[in-house]
Amino acid sequence: MLKGKTAVVTGASRGIGEAIARKFASLGANIAVIYAGNNAAAEKVCKDCQESYGVKAVSYQCDVSDFDIVKQTVASIKADFGTVHILVNNAGITRDGLCAMMKEDDFSSVVDTNLKGAFNFIRHCSGMFLKNREGSIINIASVVGLTGNAGQSNYAASKAGLIGLTKSVAKELASRGIRCNAIAPGFIKTDMTEAQADNPLLAAVPLGRMGEVSDIAEAAAYLATANYVTGEVLRVDGGIAM
Ligand code: NAI
């Protein structure tokens, strides 16, 4: 289904990003695995994708929040793969705390990673998408970007911003055949939510369980190929934000 396509996935050495990279590889896509620091984990994802699915997979260490480093990384990806067809902005962090007491750096680092990081990759990949007159951008937002969440004003603001970015980019690039969508996950079992297993909010999930990374990977695979869908925010949240 994605044979011959190249996908860039940020934060792909673990969690949701890793699941998306593996899913896309299983569908035949070549993968650029963007990681922050864990080279061994990123290399393992690449090796597994190559061996299991016969696709090309290369890892790139890159701080998504750094405009110039992202520019250099995208240039390396272009040199290695020729072009990019799919971009998944998944890298994200939390620095939870009440807004009234939040340190400036806890606000800016979350916005710089989650929101500006996505802008950086969209900005530097757009030239290839425009040249190809084809592209699918998928931004991993969060249900808290739709609803807000006490203790996560920085994170919710970054994810709400990502939704605004998604819709604006979708409008700007639609006429060139480039689509941009967001996924808003609810509670998904990963390292990020390790401490959430007994969060009382979980009882409010209509489907009665945390999500799996595969639930998000399947949604990403859908959006990668849903040729008449753009500017959408797809909740994959067990119904918690309906
Ligand atoms: P995770 O913490 O397991 O993975 C996040 C990845 O992003 C890590 O590999 C990390 O190294 C990478 N990363 C962080 N900062 C980076 C930077 N500056 N440059 C490059 N890479 C960086 O988290 P998880 O759960 O897999 O989350 C993935 C995405 O899904 C995040 O954007 C998160 O906000 C979002 N999300 C997760 C939910 C959940 O319940 N797990 C719910 C809603 C959204």
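The legends below describe close-up views of a predicted model.

**View 1. Packing of helix α3 against helix α4 in the predicted model.**
Helix α3 spans residues 67–81 and helix α4 spans residues 104–132. The crossing of α3 and α4 is right-handed.

**View 2. Residues in the contact of α3 with α4.**
On the α3 side, the contact is made by F67, V70, K71, V74 and K78. The residues they meet in α4 are K116, F119, N120, F121, R123, H124, C125 and M128. By class, the residues of this contact comprise seven nonpolar, two polar and four charged.

**View 3. Salt bridge between E134 and K5.**
Side chains of opposite charge can pair when their charged atoms come close. Here the closest N and O atoms of E134 and K5 are 2.7 Å apart. The pair connects distant parts of the chain, its two residues being 129 residues apart. E134 belongs to the loop between α4 and β5 (135–140), whereas K5 sits in the segment before β1 (6–10). E134 has a relative accessible area of 28% and is partly exposed. K5 is also partly exposed, at 26% relative accessibility.

**View 4. Salt bridge between R22 and E18 within helix α1.**
The closest N and O atoms of R22 and E18 are 2.9 Å apart. Both residues lie in helix α1 (residues 15–26), where a separation of four residues places them about one turn of the helix apart. R22 is partly exposed, with a relative accessible area of 25%. E18, at 21%, is partly exposed; the limit for a buried residue is under 20%. The pair takes part in a network of salt bridges that links E18, R22, K44 and D48.

**View 5. Salt bridge between R209 and D215.**
In this pair the closest N and O atoms are 3.4 Å apart. R209 has a relative accessibility of 45% and counts as partly exposed. D215 counts as partly exposed at 22%. A search of the whole structure finds nine salt bridges, among them the pair of R209 with D215.

Terms used: Residues numbered from 1 in each chain as written. Predicted model: local features only at pLDDT ≥ 70, side-chain atom pairs only at ≥ 80, totals over all residues. Heavy atoms only, no water. Axes fitted to C-alpha atoms, helices over the stretch in contact; angles between N-to-C directions. Left-handed = near helix turned anticlockwise from the far one by under 90°. Contact = heavy atoms within 4.5 Å. Nonpolar A, V, L, I, M, F, W, Y, C, P; charged D, E, K, R; others polar. Salt bridge = Lys/Arg side-chain N within 4 Å of Asp/Glu carboxyl O. Buried < 20%, exposed > 50% of the residue type's maximum accessible area, 1.4 Å probe, protein only.
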